[in-house]
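Colleague: I have a structure open that I have never looked at before. Could you walk me through how to read some of its features?

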Amino acid sequence: MQSFDVVIIGGGVVGSSAAYFLSAQPDFNGTIAVIERDSTYAEAATPRSAGGIRLQFSTAENVLISAFGAAFIKSADEHLRVGNEGSGVEFRENGYLFLATGAGLKTLLNNQRLQHELGAATELLNPRELEESFPWLNTSDLAGGSFGPVNEGWTDPYSLLQAFKRKARSLDVTYLQDEAVGFDFAGARISAVKLKEGGRIDCAAVVNAAGYHARTIAGFAGIDLPVHPKKRYVYVFDCREEVENETMPLTIDPSGVWFRPEGSNFICGVSPEDGDDPDCLDFELDYRPFEELIWPTLAHRVPMFEAIKLIRAWAGHYDYNVLDQNVLIGPAPQVPNFFFANGFSGHGLQQSPAIGRALSELIVYGQYRTLDLSRLSYNRVLNGALIREANVV
């Protein structure tokens, strides 16, 4: 029988960030195990994400969480270097550009006020300024746009995951390829994690970082976690005409369609309507969103995108908080040594540094020491004090 002080279920970018920050805590002298069901990460959410990082949120905590994430990723070599090996993490700071018609302009303005109060450099641009800054853009039906030129852009998700994992292992974190299938309890506390391959791991604390499988893990403790697996598609296309993509930001159309450059090509996607977004665990592709909505939108918004060719596509999953689309972090009220880090709703990669740091503080000190994320606890599920995030892409 194995024994660890902390067991983290899920070795993706959130679980590996938590492992790194906890193992790097000067006041933590315990042992850590990370249970990952698939060490190849073939079906994990992290490497299938678009790697976006932005401060343009409508919730204060999200702005501050991503501000720390951007700063951490930009200085990843300082934190995640192992010996002479750098982190391998790069940040393409091309920004995010949210576009709006008249109906959505007030929302962008309100969001910008909040973002400025919290130190973000968000710029509100009128149609003329949009044309000057982004000459490839059709602004005929736009009332304005919100552009984040600093601490916004994207990184390679798999590189960040591997950098966290490599650094955590150098700090004596143990990674186990197995699957959690249940808990043993001593009173109200988890005393052990049961494994699919047999055996159990005694522990003093458990972190649920299981991504889109998080609800299953919470169910082992009798907790109904409002985090559901939702499938998303990313489509890769090539443009026949040359489009300036060196400085092109990740752009979000008023329709919800988004696109950004990826090497010499482009990637794009869109979230489905609420009534057409069932729980899903498969990876089957559906090209109808591209053909029926995305392509016509791209051709309208960027006239040179009328002549594009779809190259390939992939599917991944959000761990989607169906109540308010914000992360649930902190101990379960019913099980005090069971910590949530779930329901990122597509923001897990950019939020992983701050969430990993926050979890380490809760486990070591029993409270937040840097960024207070108390409002994002599971208590809001129980008392109905939801915090709705308006800017979900």
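Predicted model: local features only at pLDDT ≥ 70, side-chain atom pairs only at ≥ 80, totals over all residues.

Colleague: Let's begin with helices. At what angle do helix 6 and helix 9 pack?

Modeller: The general idea is to compare the directions of the two axes. Helix 6, residues 157-170, packs against helix 9, residues 348-365, at an angle of about 25 degrees. Their axes are 11 Å apart. Angles under 35 degrees count as roughly parallel, so helix 6 is roughly parallel to helix 9.

Colleague: Is the crossing of helix 6 and helix 9 left-handed or right-handed?

Modeller: Helix 6 passes helix 9 in a left-handed crossing. To see where they touch, find P157, L160 and F164 in helix 6, which meet L349, S352 and P353 in helix 9. By class, this contact has five nonpolar residues, one polar and no charged.

Colleague: Helix 9 also has a contact with helix 1. How do their axes cross?

Modeller: Here the axes come within 7 Å, and the helices cross at roughly 40 degrees. Helix 1 covers residues 13-24. Helix 1 and helix 9 are therefore oblique to each other, and their crossing is right-handed.

Colleague: Which residues of helix 1 meet helix 9?

Modeller: On the helix 1 side they are V13, V14, S17, A18, F21 and L22. Their partners in helix 9 include G348, L349, S352, P353, R357 and V364. The contact of helix 1 with helix 9 divides into eleven nonpolar residues, five polar and one charged.

Colleague: Now to charged side chains. How many salt bridges are there?

Modeller: The count comes to 19 salt bridges. The idea is to look for a side-chain nitrogen of Lys or Arg within 4 Å of a carboxyl oxygen of Asp or Glu. Take D77 and R81, whose side chains meet at 3.9 Å, N to O. D77 is partly exposed at 36% relative accessibility, and R81 is partly exposed at 34%.

Colleague: Which salt bridge links distant parts of the chain?

Modeller: One is between D184 and R200, at 2.8 Å from N to O. R200 is partly exposed, with a relative accessible area of 27%.

Colleague: And is D286 buried or exposed?

Modeller: D286 counts as buried, at 18% relative accessibility. Its side chain forms a salt bridge with that of R288, at 2.9 Å from N to O. Salt bridges can also share partners, and in this way D184, K194, R200 and D202 are joined into one network.

Colleague: What should I look for in the backbone angles?

Modeller: Most residues other than glycine have a negative phi. N151 has a positive phi of about 65 degrees, although it is not a glycine. N151 is in the loop between strand 7 (144-148) and strand 8 (153-155), and it is buried at 18% relative accessible area.

Colleague: Where is S345 found?

Modeller: S345 is in the loop between strand 19 (335-342) and helix 9. Its phi is near 60 degrees, again a positive value in a residue other than glycine. S345 counts as buried, at 0% relative accessibility.

Colleague: What surrounds V7, leaving aside its neighbours within four places in sequence?

Modeller: V7 is in contact with A33, I35, V193, I201, C203, A205, V206 and V207. V7 lies in strand 1, residues 2-9, and counts as buried at 0% relative accessibility. V7 and Y365 are 358 residues apart in sequence and 17 Å apart in space, C-alpha to C-alpha.

Terms used:
Residues numbered from 1 in each chain as written. Heavy atoms only, no water. Axes fitted to C-alpha atoms, helices over the stretch in contact; angles between N-to-C directions. Helix = DSSP H or I, 4+ residues; strand = E, 2+ residues; numbered from the N terminus. Parallel < 35°, antiparallel > 145°, perpendicular 65-115°, else oblique. Left-handed = near helix turned anticlockwise from the far one by under 90°. Contact = heavy atoms within 4.5 Å. Nonpolar A, V, L, I, M, F, W, Y, C, P; charged D, E, K, R; others polar. Buried < 20%, exposed > 50% of the residue type's maximum accessible area, 1.4 Å probe, protein only.
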